[in-house]
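Here are some exercises to work through with the model open beside you. Try each task yourself before reading its solution.

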Amino acid sequence: LMRLLHVGWGYRPLRFGGVIVYVEDLLHALASRGHEVHYFCAGRCDSTFVPRVKTWWREGIPVHELRNPPAWVTPLQGTQRPELDIEHPGVRELFRRVLQAVRPEVVHIHEFYGLPARIVEDVKQAGIRLVITLEDLHCLCPTFLLYKEEAGENCRDYEDGRGCLECCRRAPAASGRMLDRRPPTCPCRSHAGPSRAAT
């Protein structure tokens, strides 16, 4: 039996859809088999407006909820501040504290929504085994969909994000902070083609 830390975005009823159903069902299935299961997630905002971790229990599983995540995202508008999808020292410090408290044998990341991608480095530096199962395309695409709406085709741009500029320019007015921003280079995207992008 193992001590596991799963990482994702939100929980029901804060969010809905197939991804959170899958993640929560997996957590409960693993716990029912006797594993010690923890869940770290970007969660809701409260009146403090300060990023902090609130730990609470849900059906026997400890939830380490990152309240007031700076990288606020929505499925319909994508990311609002692309640079926060990559790095946020304060959030990383909070995540490292959870790693130290839980001492997981395996970290399983399902989504990077609301979290900096460099938490991967924190897991590796701690010497913890890491599994990443991407349930969406958020870490590869600032609009979340990896789809060129104007052309009506899947995106196949692997040229360091140049194609992202066009999609961001065409983003809805509500996500204006995303317009004309050059997406930062993801630390895990050293790939040059489709074969590596899919791993």
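Helices are DSSP runs of H or I with at least four residues, numbered from the N terminus. With that in hand, note that α2 is followed by Arg 103, whose phi is positive, near 55°. Please keep in mind throughout that this is a predicted model.

**Exercise 1. Find the span of helix α2 and decide how its buried residues are arranged around the axis.**

Step 1. Start with the length: α2 covers residues 89-102, which makes 14 residues. From first C-alpha to last it reaches 20 Å, close to the 20 Å expected at 1.5 Å a residue.

Step 2. Next, pick out the residues under 20% relative accessible area, the cut-off for buried. In α2 these are Val 91, Arg 92, Leu 94, Phe 95, Val 98, Leu 99 and Val 102.

Step 3. Now look down the helix axis: the buried residues fall within an arc of 160°, so they line one face of α2. On the other side, Pro 89, Gln 100 and Ala 101 are exposed.

Step 4. Finally, ask what covers the buried residues. The cover includes strands β1, β2, β3, β4 and β7, together with helix α3 (119-125).

**Exercise 2. Work out the strand order of the open sheet and name the strands at its edges.**

Step 1. Trace the six strands across the sheet: the order is β3-β4-β2-β1-β7-β8, and the pairing is mixed.

Step 2. β3 and β8 stand at the edges with a single partner strand each, so one side of each has no neighbour in the sheet. On average, neighbouring strands here are turned by 20° against each other, direction ignored.

Step 3. Take one pair in detail. β3 and β4 run antiparallel and are joined by seven bridges; within this region, Trp 57 has Pro 62 in β4 as its bridge partner.

**Exercise 3. Is His 108 buried or exposed, and which side chain does it join in a polar contact?**

Step 1. Locate His 108 in strand β7, residues 106-109.

Step 2. Its relative accessibility is 14%, so His 108 counts as buried.

Step 3. Its side chain makes a polar contact of 2.7 Å with the side chain of Thr 133.

Step 4. Leaving aside neighbours within four places in sequence, the residues in contact with His 108 are Leu 5, His 6, Val 7, Leu 26, Val 131 and Thr 133.

Key. Residues are numbered from 1 along each chain as its sequence is written. This is a predicted model: local features need pLDDT of at least 70, side-chain atom pairs count only at pLDDT 80 or more; totals for chains, interfaces and linings use all residues. Side-chain values use heavy atoms; hydrogens and water are left out. Helices (H or I, at least four residues) and strands (E, at least two) are DSSP runs, numbered from the N terminus. Buried means under 20% relative accessible area, exposed over 50%, partly exposed in between (1.4 Å probe, protein chains only). A polar contact is a pair of N or O atoms within 3.5 Å; within protein, one must be able to donate a hydrogen and the other to accept it, and residues adjacent in sequence count only if both atoms are side-chain atoms. Contact means heavy atoms within 4.5 Å. The expected span of a helix is 1.5 Å times one less than its number of residues. The arc is that of the directions from the helix axis to the C-beta atoms. Two strands pair if DSSP finds at least two bridges between them. Axes are lines fitted to C-alpha atoms, for helices over the stretch in contact, and angles run from 0 to 180 degrees between N-to-C directions.
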